[in-house]
Amino acid sequence: MPTHAKSFDYAVSLDETWDARSDRGGGVLAGADEASWTPEHLVLAGLARCTLTSLRYHCVRAGVALTSSASAHGTVTRREPDGRFAFVEITFAATVSFDPRPDDDAIGDLLAKAERDCFVGASLAPGPKYSWDVG
């Protein structure tokens, strides 16, 4: 019998003033703040949040507590192949610490899984360049 892959659905709505709301509730992202929080910023925030969420998931499975912070940067310009504006470079940098601290090989495995399993990063072209500062 064939198995079906897990499926995850997400929805966001914008009202007439472009205030954004998640289908899961929570705070409102004010549409009037478009100068501060552009769609490009939201993509980068999604990448950072997704990568740390992925890392935290794998840390919980390994019995390790995670403390982390992150930043993401992207450059948008015209792409060579088609002349369209798009992200042409994306970087992600995080500072992380673990308790208890796994050995270096296990840390490498956790970080690799975080990169691999973040579906936002996997959805971006070009893919992000990741940098980790392990305390």
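Helices and strands are runs of residues assigned by DSSP, at least four residues long for a helix and at least two for a strand, and they are numbered from the N terminus. In this predicted model, the protein has three helices and six strands. Followed along the sequence, these elements come in the pattern β-β-β-α-β-β-α-α-β. The C-alpha atoms fill a box of roughly 50 × 40 × 35 Å along the principal axes. The protein has 135 residues, of which 24% count as buried.

Next come β2, residues 20-22, and β3, residues 25-29, which pair in the antiparallel sense over two bridges. Two residues lie between β2 and β3, and the two strands form a hairpin. Within this pairing, alanine 20 has leucine 29 in β3 as its bridge partner.

The remaining strands to describe are β4, β5 and β6. Strands of a sheet pair through backbone hydrogen bonds, either parallel or antiparallel. Here three strands form an open sheet in the order β4-β5-β6, and the pairing is mixed. Strands β4 (65-78) and β6 (129-134) are at the edges; each has a single partner strand, so one side of each has no neighbour in the sheet. On average, neighbouring strands of this sheet are turned by 15 degrees against each other, with direction ignored.

Strand β5, residues 85-99, runs parallel to β6, and six bridges join the two. Alanine 93 stands opposite serine 131, a residue of β6. In a regular strand the side chains alternate between the two faces of the sheet.

The cysteines remain. How many disulfides does the count give? A disulfide needs a pair of cysteine sulfur atoms within 2.5 Å, and by this rule the count is zero. Cysteine 59 is in no disulfide, and the nearest cysteine sulfur, that of cysteine 118, is 15 Å away. Are these cysteines buried or exposed? A residue counts as buried when its relative accessible area is under 20%. Cysteine 59 has a relative accessible area of 0%, so this residue is buried. Cysteine 118 also has a value of 0% and is therefore buried.

How values were computed. Residues are numbered from 1 along each chain as its sequence is written. This is a predicted model: local features need pLDDT of at least 70, side-chain atom pairs count only at pLDDT 80 or more; totals for chains, interfaces and linings use all residues. Side-chain values use heavy atoms; hydrogens and water are left out. Buried means under 20% relative accessible area, exposed over 50%, partly exposed in between (1.4 Å probe, protein chains only). Two strands pair if DSSP finds at least two bridges between them. Axes are lines fitted to C-alpha atoms, for helices over the stretch in contact, and angles run from 0 to 180 degrees between N-to-C directions.
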